[in-house]
Amino acid sequence: MFLFRINSCSRHFSMAEIDALKKALRVEVQAKVAKMPREEKTRQSQAVFHKLKNLPVFQNSKRVSVYLSIEGEIDTEAIVRHIFEQKKECFIPRCTKSEMQMVKLHSMDDWLNLPYSKWKIKQPALNDTREDAMETGGLDLMICPGVAFTRTGHRLGYGGGYYDRYQTKLREVQKGPFTTVALAFREQIRDEIPVTETDVTLDMVLYDE
């Protein structure tokens, strides 16, 4: 059983109830984002990019991981380009059925030539040998996607648990600290999100206020 607050009232929910709440919230938020005009998605993506690049933690980071965006997410192409312009090391997710790596992206040409996974996400092929961030010094900053977020860093992902497991493992093996930042449309911000003890809280959430 887990404690979750709804409309200022706290009660205990079973895991099955929390899973149902999460699924319903995903449907609600994704439908809302899908109705956004493309121009508004572009405007908010640009605003969030400017917020990110002005963050001291971003400016001071040498090794940055960033998701490669799909429809319904803050567009990260400008962020990837800026990472290379600032001579930072760029790492991107590569997922299998059970786990996620953060592997080296070498250039924008490399980005352009990436194949698409079965989830329609650009990522290096599994037989493409690349530097693994966790094996070569870790990360300074991890830029995370998601479906919904609270202002205090709670995150509702897509249901696979990849980012929660990766952050937990990285904190175990990396000697120094790293920062986690989510990028969101305003339409993805919620006052409350159902969470369990395995859901990792992010350090900050950037959105166009």
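**Figure 1. A hairpin joins strand β4 to strand β5 through four residues.** The model shown here is a predicted one, in which local features need pLDDT of at least 70 and side-chain atom pairs count only at pLDDT 80 or more, while totals for chains, interfaces and linings use all residues. Residues are numbered from 1 along each chain as its sequence is written, and side-chain values use heavy atoms, with hydrogens and water left out. β4 spans residues 89-95, and its antiparallel pairing with β5 (residues 100-105) runs over six bridges. To get your bearings, look for Arg 94, whose bridge partner in β5 is Gln 101. Two strands are called paired here if DSSP finds at least two bridges between them.

**Figure 2. Strand β4 sits inside the structure, with six of its seven residues buried.** That count is why β4 is largely enclosed by the rest of the structure. Buried stands for under 20% relative accessible area, exposed for over 50%, and partly exposed for anything in between, using a 1.4 Å probe and protein chains only. β4 also has a parallel pairing with β3 (residues 63-66), over three bridges. Here Glu 89 of β4 is the bridge partner of Arg 63.

**Figure 3. β3, helix α4 and β4 build a right-handed β-α-β unit.** The hand is read with the strands pointing away from the viewer: the path from the first strand over the helix to the second runs clockwise. α4 covers residues 77-85, and its buried residues are Ile 79, Val 80, His 82, Ile 83 and Phe 84. Now for the side chains of β3. Arg 63 and Ser 65 point one way, Val 64 and Val 66 the other, and all of them are buried. In a regular strand, side chains alternate between the two faces of the sheet. β3 pairs with β6 too, in the parallel sense and over three bridges, and Val 66 stands opposite Ile 143 in β6.

**Figure 4. Two lysines take a positive phi.** Lys 87 belongs to the loop between α4 and β4, just after α4. Its phi is positive, about 60°, although Lys 87 is not a glycine. With a relative accessibility of 74%, Lys 87 counts as exposed. Lys 120 is the other one to look at, with a phi near 65°. Lys 120 lies in the loop between α5 and β6 and is exposed as well, at 61% relative accessibility. Most residues other than glycine have a negative phi.

Figure 5. The loop in question runs between α5 (108-112) and β6 (141-144). Setting aside neighbours within four places in sequence, Met 134 is in contact with Tyr 166, Lys 169, Leu 170 and Val 173; contact means heavy atoms within 4.5 Å. Glu 172 is 38 residues away along the chain, and its C-alpha atom is 10 Å from that of Met 134.

Figure 6. Leu 202 is found between β9 (179-183) and β10 (204-206). Beyond its neighbours within four places in sequence, Leu 202 has a list of contacts that includes Cys 144, Phe 149, Arg 155, Gln 167 and Thr 180.

**Figure 7. The largest pocket holds about 700 Å³ of space.** Among its 32 lining residues, the closest to the centre are Tyr 158, Gly 159, Gly 160, Gly 161 and Tyr 162. The elements giving two or more residues to the lining are α1 (15-34), β4, β8 (155-156) and α6 (162-173), and α1 provides the largest share, five residues. Pockets come from a 1 Å grid over the protein atoms alone: a pocket is an open set of points with protein on both sides within 12 Å along at least five of seven lines, and lining residues have an atom within 4 Å of a point. The volume is the space filled by probe spheres set on the points, which are joined across faces, edges and corners.

**Figure 8. Confidence along the chain.** The protein averages a pLDDT of 92, and 94% of the residues score at least 70. Residues 1-9 fall below 50, yet this stretch has 29 contacts in the model beyond near neighbours in sequence. pLDDT is the predictor's confidence in each residue, on a scale from 0 to 100. Where pLDDT is low, the predicted coordinates should not be read in detail.

Notes:
1 Å grid on protein atoms, 1.4 Å probe; cavity = no way out; pocket = protein on both sides within 12 Å on 5 of 7 lines; lining within 4 Å.
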